[in-house]
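These are notes for a colleague opening this model for the first time. They cover helix packing, the nonpolar cores and a few individual residues.

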Amino acid sequence: MAYQGILHRYGQLLDLPAHTQPVSLLEGNTPLIPLPRLGRELGCELFVKFEGLNPTGSFKDRGMTAAISEAVGRGAQTVICASTGNTAASAAAYAARSGLRAIVLIPEGKVAMGKLAGAVAYGAEVIQVQGSFDDALSLVVEITQKTQIALVNSINPYRIEGQKSAAFEICDDLTHAPDWLCLPVGNAGNITSYWAGFKQYNQLKASGLPQILGVQAAGAAPLVLGHPVDKPETVATAIRIGRPARGEQAIEAAQESNGMIIAVSDAEILSTQRILASEGIWVEPASAAGLAGLMARTATGEFDPRGKKIVVVCTGHGLKDPAIVTESFKSPEVIPATYLALSSLILK
Ligand SMILES: *Cc1c(COP(=O)(O)O)cnc(C)c1O
């Protein structure tokens with residue numbers, strides 16, 4: 001049968017209430033792309049789980065199909081979220097699909113254009129907050145406690161349930177869990193979901209457990225520093241978060257899996273974004289953090305990838321944040337429309 005989305009494929013493994021009414025854009029089922037060249041350099045078997053290929057361009061769709069399906073079933077009319085961008089676009093799309101009103105709060109001036117455009121295109125009411133993502137999330141929590149408006153941030157447990165599906169897919173594709181899973185950590189919903197998913201699948205199918213490498217940006221690394229960061233700063237806007245809602249669970253996932261949470265610099269994130277692009281995979285900056293962490297620790301000798309099977313999660317598509325590439329690029333050469341001009345330029 002044709003693919004019908006993650007609730008259809010994995011619904012029995014997700015803890016969702018009986019009133020849930022599936023709203024799907026056929027999210028999930030993303031490819032696990034081998035990186036043989038880089039894998040050879042590192043001496044490991046390396047794969048990218050390319051979550052940028054979800055319907056709205058990020059993994060957020062896996063959790064959003066679950067959260068919106070539950071909200072619809074409970075009779076919600078309006079959903080709200082705080083977002084660094086991708087949650088906004090995803091909430092907006094799934095709300096549009098089901099005829100709900102969507103309100104999204106974003107930190108003023110700090111959301112990449114491709115994400116903001118998505119939220120607007122899908123018809124969400126977008127509000128800029130003079131503050132950080134964390135400030136916006138506090139407002140969302142308060143208004144959903146005082147009204148019937150449904151919260152669809154990853155504090156919502158159904159988001160976590162839906163996002164477990166990525167771990168199931170990886171185990172199904174490899175026939176077992178990888179040795180390591182490397183991924184960016186912002187609000188820490190995704191690392192929480194992966195660990196829960198791998199544990200559940202291991203109990204069910206003895207698929208094994210990966211060690212988890214969670215990677216934050218150095219300017220927004222509360223879980224590495226051990227305290228909240230009041231003014232988080234990084235080019236990786238999707239993980240520009242100073243008070244992760246699921247910080248404790250992220251640390252648990254790292255500890256229980258015998259993994260770790262580390263930080264990488266913006267320069268490392270951007271150079272890794274280019275390395276991925278050189279393998280044909282263009283991701284937004286935050287999405288390069290997992291591989292950046294793996295490569296940084298391998299370079300210092302603190303991590304030995306040799307002989308391992310490693311999956312890096314690339315959480316969002318490069319098209320979300322084109323400015324980060326075009327800004328650092330000189331604009332393309334301009335030539336007259338003649339064969340002579342073209343040939344003398346490229347046939348040197
Ligand atoms: C949301 C997001 C993250 C961070 O995920 P958390 O669950 O908040 O830790 C990383 N990368 C991208 C592209 C995202 O959209």
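1. α4 and α5 are roughly parallel to each other, a label given to angles under 35 degrees, while those over 145 are roughly antiparallel, 65 to 115 roughly perpendicular and the rest oblique. Helix α4 covers residues 86–98 and helix α5 residues 113–121; the two pack at an angle of about 20 degrees, and their axes are 8 Å apart. Axes here are lines fitted to C-alpha atoms, for helices over the stretch in contact, and angles run from 0 to 180 degrees between N-to-C directions. Helices (H or I, at least four residues) and strands (E, at least two) are DSSP runs, numbered from the N terminus.

2. The model is predicted, so local features need pLDDT of at least 70 and side-chain atom pairs pLDDT 80 or more, whereas totals for chains, interfaces and linings use all residues. Residues are numbered from 1 along each chain as its sequence is written, and side-chain values use heavy atoms, with hydrogens and water left out.

3. α4 passes α5 in a left-handed crossing (the near helix is turned anticlockwise from the far one by less than a right angle; clockwise would be right-handed). On the α4 side N86, A88, A89 and A92 meet K115, G118 and A119 of α5, contact meaning heavy atoms within 4.5 Å. The residues of this contact divide into four nonpolar, two polar and one charged. Ala, Val, Leu, Ile, Met, Phe, Trp, Tyr, Cys and Pro count as nonpolar, Asp, Glu, Lys and Arg as charged, and the others, Gly among them, as polar.

4. α8 and α9 are oblique to each other: their axes cross at roughly 50 degrees and come within 7 Å. This crossing is right-handed. From α8, A166, A167, F168, I170, C171 and D172 meet Y194, G197, F198, Q200 and Y201 of α9. By class, the contact of α8 with α9 has eight nonpolar, two polar and one charged residues.

5. Which residues of the largest nonpolar core touch the most other members? They are I170, L181, L183, I191, Y194, F198 and V311, in a core of 34 residues. A nonpolar core is a set of buried Ala, Val, Leu, Ile, Met, Phe, Trp, Tyr and Cys residues joined through side-chain atoms within 4.5 Å. At least two residues each come from α1 (6–10), α8 (165–174), β7 (180–184), α9 (189–205), α11 (247–256) and β10 (309–314). α8 gives the largest share, six residues. A second, separate core of 32 residues includes L276, I281, I310 and V312.

6. Leaving aside residues up to four places away in sequence, L183 touches N190, I191, Y194, I212, L213, G214, V215, G290 and V313.

7. Most residues other than glycine have a negative phi. L26 has a positive phi, near 60 degrees, and lies in the loop between α1 and β1 (32–34). A188 is likewise not a glycine and has a positive phi of about 75 degrees; its place is in the loop between β7 and α9.

8. Is A188 buried or exposed? A188 is buried, with a relative accessible area of 3%, whereas L26 is partly exposed at 47%. Buried means under 20% relative accessible area, exposed over 50% and partly exposed in between (1.4 Å probe, protein chains only).

9. Y339 is found in helix α15 (residues 339–346) and counts as exposed at 63% relative accessibility. Its C-alpha atom is separated by 29 Å from that of S328, 11 residues apart along the chain.
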